[in-house]
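Look over the model first, then read the notes by topic.

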Amino acid sequence: MIPIDHHVHLEKGPYSPEWLDSFVASAKGRGVSCIGIVEHTTQFRALCPSDCRERAPGDDAASLAQKVWFERHANRDRLEDYIGFIEQSRMRHPDIAFGLEVDWLGDPTVARLGPVFDWDFLIGSVHFIYGHAADNPGLAGIWGRLPVSEVYTRYFTLLREAVESCAFDILGHLDVPKMVRPLPADDKVAESLSRLIDAIVASGITVEVNTAFSYRQTPRDEHCPSHEIISRLAAHGVPLNLSSDAHKPDHVGMNIDKAAGLLRSMGVRSVRRFWRRKPEEIL
């Protein structure tokens with residue numbers, strides 16, 4: 001299985017050849033043959049939903065902290081700058097795929113993405129629930145507002161809506177709220193997860209095996225999703241791909257070899273990448 005890293009962010013640096021080359025060099029150093037670059041839709045003014053500045057409604061300390069975070073991290077870049085950078089980079093690095101990580105908010109933003117540019121792939125993911133952060137250990141977000149089981153139930157429901165929209169090529173970091181709180185043993189949570197997996201199987205969407213959980217915060221021998229969820233997906237023949245969710249060069253390819261080994265142990269013989277929204281199986 002050729003190692004790939006299909007979820008790499010450039011957002012902490014400039015859209016420059018030198019910054020991109022530092023990621024490429026790190027990938028080669030870890031034996032990663034091809035990478036996929038994505039940026040969050042919420043960081044672009046043209047794609048940021050009109051209610052973004054009202055994210056985390058309320059004037060409590062947690063909401064105010066999130067609004068400050070959002071002002072720093074979102075709605076700050078011009079989409080045309082990213083697109084121009086992609087067009088130049090495709091000539092220098094024809095083997096790199098470029099796309100977007102789309103925050104699923106249940107709004108019509110997604111419908112506008114296809115005509116905007118000839119993307120290689122779109123990742124659908126959920127980071128906010130009821131406008132409050134769900135996966136950021138530095139923000140209280142939704143935690144404390146709802147019981148942990150309800151947070152996960154609502155999170156899996158939103159992911160299922162994203163899958164059923166058929167707008168995305170890849171489903172991102174499927175159980176990422178565990179970055180803050182672990183998945184609870186709860187019947188309603190288990191049911192909502194099963195419904196999500198059923199929707200994934202029916203849709204044919206690719207699910208990423210994201211290694212970020214294994215190296216962020218306290219390193220752990222687990223990915224997003226968990227080994228148990230990956231096993232369930234593999235048993236159904238769900239197409240998978242590999243990603244580090246890197247935000248800086250030295251994270252590219254991090255623990256991709258371990259994730260690939262895990263997939264091989266589960267009988268998975270290929271992973272999937274995308275070009276111009278078309279899947280390609282890599283053995």
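Helix α2 gives the most to the lining of the largest pocket, with 3 residues. The model is predicted: local features need pLDDT of at least 70, side-chain atom pairs count only at pLDDT 80 or more, and totals for chains, interfaces and linings use all residues. Residues are numbered from 1 along each chain as its sequence is written, and side-chain values use heavy atoms, with hydrogens and water left out.

**The largest pocket**
- Its volume is about 660 Å³.
- Of the 27 lining residues, H40, W69, N136, R216 and H247 are the closest to the centre.
- The lining divides into 10 nonpolar, 10 polar and 7 charged residues.
- A pocket is an open set of points on a 1 Å grid over the protein atoms alone, where a 1.4 Å probe fits, with protein on both sides within 12 Å along at least five of seven lines; lining residues have an atom within 4 Å of a point.
- Volume here is the space filled by probe spheres set on the points.
- Helices (H or I, at least four residues) and strands (E, at least two) are DSSP runs, numbered from the N terminus.
- Ala, Val, Leu, Ile, Met, Phe, Trp, Tyr, Cys and Pro count as nonpolar, Asp, Glu, Lys and Arg as charged, and the others, Gly among them, as polar.

**Helix α6**
- V189, S192, L193, L196, I197, A199 and I200 are its buried residues (under 20% relative accessible area, 1.4 Å probe, protein chains only).
- These buried residues fall within an arc of 160 degrees seen down the axis, so they line one face of α6.
- The arc is taken from the directions from the helix axis to the C-beta atoms.
- On the other side, D187, K188, E191 and A202 are exposed (over 50%).
- The cover over the buried residues of α6 includes α5 (148-164), β7 (170-171), β8 (206-210) and α8 (227-235).

**Helix α8**
- I229, I230 and L233 are buried in α8.
- They fall within an arc of 100 degrees, so they too line one face of their helix.
- They pack against α6, β8, β9 (240-243) and α9 (256-265).

**Residue L20**
- L20 lies in helix α1 (residues 17-29) and is buried, with a relative accessible area of 0%.

Notes
Contact means heavy atoms within 4.5 Å.
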